[in-house]
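Good morning, and thank you for coming. I would ask you to keep the structure in view while I speak, and to find each element as I name it.

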Amino acid sequence: MKDRSHSLPSFSTFLNKGFDLRSHAGQMADARTDPDISPSSVFLALFHAFVFRLPSFQQLDSELAHSYLQQWIGAERAFRDDTLRYSLCGFDLDPLEAMLVDVNRRLKRSKAFDQGRVQGRLVAALDGIEVLSSFSRRCENCLERRVIGKDQAGRKIEQTQYYHRAVGCQMVHSPVKPFLAIEWLRPGEGEDTAALRLLTRLPDLYGSRFFDILLLDALYAQTPVLQLIQKARWDAVISLKQNSRELYQSAMGLFAHRPADTSFTDRRAHKTYHVQLWDTEGLPFTVENPEPVRVVRSEEVLERNRFRQGKRTSHSTDHEWLWVTTLPRQAFPAAIVRQLGHSRWKNENNGWMDLTKHCAFKHGFLHACQHRPKQINSSGEREPVPNRGLAAVTLILLIAFALTSVFVLRHSKLARIDHLTVIAVAAQLHAWTSKAPPSIRAPD
Ligand SMILES: [Zn+2]
């Protein structure tokens, strides 16, 4: 019987032919002077650790020492997590970001996003995520907040917690959901400030028509955000909550006095939604910026069937949603705005989850890394380079996430025939490194 599993050579051929993995790896750089282990080897080692979903860096150490991974990636010799950390702390972020952009451009050209078009348009979402929180370890880029907790005796105590938070932009409707870019919050600033930076940077990275519609949380229902979106000629669907008081109240006031514009029933698995939709154009966005906007409101009764002691019972709950949108009514009726507003990318295995769960982000692997390459500052003193470890590790994870998902979801016939999950494919690729003949090396 033929071996029905994925091999690392076929994965690598796919990555080199389709995405120039090797030549991108050759562009990587860091702040070390004349290192034994090249930045390219560091990048490829961590990239494969994410592809294989290795549970720890100790495991990566051991793989480099005992499996064929070292030969496969062409590393100079086996190396340990201290080398990895020292390199990554001063890693150059530009080639990593350039690679992520290039991967996404190639995905778009190969029509990887087309399956998720809504009325012919491509959809992306902006969202925040928190990684790394600690009461003891901190670095110069940490955000801080006061947190009430309990000590061992159960007494209430207030402590300072250090953490990192970022805003990411992700393609969301297609099966392959890569991140386009990520922006870290700087100490003392809010998520909206980082989001504005990201929205300004996106057209520079991708051009403005890389996607068409942007989905946003209520936090972003602000004039500067709306202006940047319009400048880039995107459309937006933004959750509307009571924090946008004037618009929320004028919409609620208007809708209270008239019957719904549409109603329908939406059945999914064990859930039935009875939906009533209101839709209006021409409400002023804010008092300061009275630009007319469209608001859609959905009142939903969700019925769930439950089986208890052999009897079917039905249980219902009421829900209400509002969205403000720049989408035109004709092409995007209220039901489609509702569908966009309800997009549930956050619940899926989608990269954000990897970010919060992977060991690299859990144990403060790079968080407060004091041992860093030095550079000469403007007053001629030697000082450690700024700590870019977390940003570098995150970009490598996002690249690995994009390439693994496109391999499994679009390229691999085996994954389709055998209904393999991303995790099962990762295990097959990983297994290959312990059984390959030692002479083998990835093609350049
Ligand atoms: Zn920190």
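In helix α10, the buried residues are Tyr248, Ala251 and Phe255. Around the helix axis they cover an arc of only 70 degrees, which puts them on the same side of α10. The face turned away from that buried side carries exposed residues, namely Arg245, Gln249, Gly253 and Ala256. The helix itself runs over residues 245-256, and its 12 residues reach 16 Å from the first C-alpha to the last, close to the 16 Å expected at 1.5 Å a residue.

What covers the buried residues of α10? The cover includes the strands β8, β9 and β10. Let us take these strands in order. Strand β8, residues 271-284, pairs with strand β9, residues 292-308, in the antiparallel sense, over 12 bridges. To place this pairing on your screens, find His274, which stands opposite Val301 in β9. On to the next pair: β9 is joined by 15 bridges to strand β10, residues 311-325, and these two also run antiparallel. Here Arg297 stands opposite Leu322 in β10. How many residues lie between β9 and β10 in their hairpin? There are 2 residues between them, and Gln309 in the turn has a positive phi of about 50 degrees.

I turn now to a strand with parallel partners. Strand β5, residues 213-216, pairs with strand β1, residues 123-134, in the parallel sense over 3 bridges. In this pairing, Ala124 has Leu214 of β5 as its bridge partner. Strand β5 is also joined to strand β6, residues 235-239, by 4 bridges, and these two run parallel.

Are the faces of β5 covered or uncovered? Both faces are covered: Ile213 and Leu215 are buried on one side, and Leu214 and Leu216 are buried on the other.

My next element is helix α7, residues 93-109, which has the highest mean pLDDT among the elements of the chain, at 97. Its 17 residues reach 24 Å from the first C-alpha to the last, close to the 24 Å expected at 1.5 Å a residue. Which residues of α7 are buried? They are Leu96, Met99, Leu100, Val103, Asn104 and Leu107. Seen down the axis of α7, these buried residues fall within an arc of 130 degrees, so they line one face of the helix. On the other side of α7, Asp94 and Arg109 are exposed. The cover over the buried residues of α7 includes α1, α2 (21-27), β4 (179-184) and α14 (389-411). After α7 comes Lys111, whose phi is positive, near 65 degrees.

Phe14 is found in helix α1, which spans residues 8-19. Leaving aside neighbours within four places in sequence, Phe14 is in contact with Phe407 and His411. By contrast, Leu254 stands 240 residues along the chain from Phe14, and their C-alpha atoms are separated by 55 Å.

Let me finish with the chain as a whole. It has 16 helices and 12 strands. Its C-alpha trace spans about 75 × 65 × 55 Å along the principal axes. A compact globule of 444 residues would have a radius of gyration near 22 Å, and the value of 25 Å for this chain agrees. Buried residues make up 37% of the 444 residues. Among contacts between residues at least 6 apart in sequence, 68% join residues at least 24 apart.

A last word concerns confidence. The mean pLDDT of the chain is 87, and 92% of its residues reach 70 or more. Helix α12, residues 352-357, has the lowest mean pLDDT among the elements, at 63. Where pLDDT is low, the predicted coordinates should not be read in detail. Thank you for your attention.

Note on methods
Residues are numbered from 1 along each chain as its sequence is written. This is a predicted model: local features need pLDDT of at least 70, side-chain atom pairs count only at pLDDT 80 or more; totals for chains, interfaces and linings use all residues. Two residues are in contact if their C-beta atoms, placed from the backbone, lie within 7 Å. Two strands pair if DSSP finds at least two bridges between them. The radius of gyration is taken over C-alpha atoms; the globule rule is 2.2 Å times the number of residues to the power 0.38. A residue is buried if 20 or more other C-beta atoms lie within 10 Å of its own, exposed if 12 or fewer, and partly exposed in between; C-beta atoms are placed from the backbone. pLDDT is the predictor's confidence in each residue, from 0 to 100. The expected span of a helix is 1.5 Å times one less than its number of residues. The arc is that of the directions from the helix axis to the C-beta atoms.
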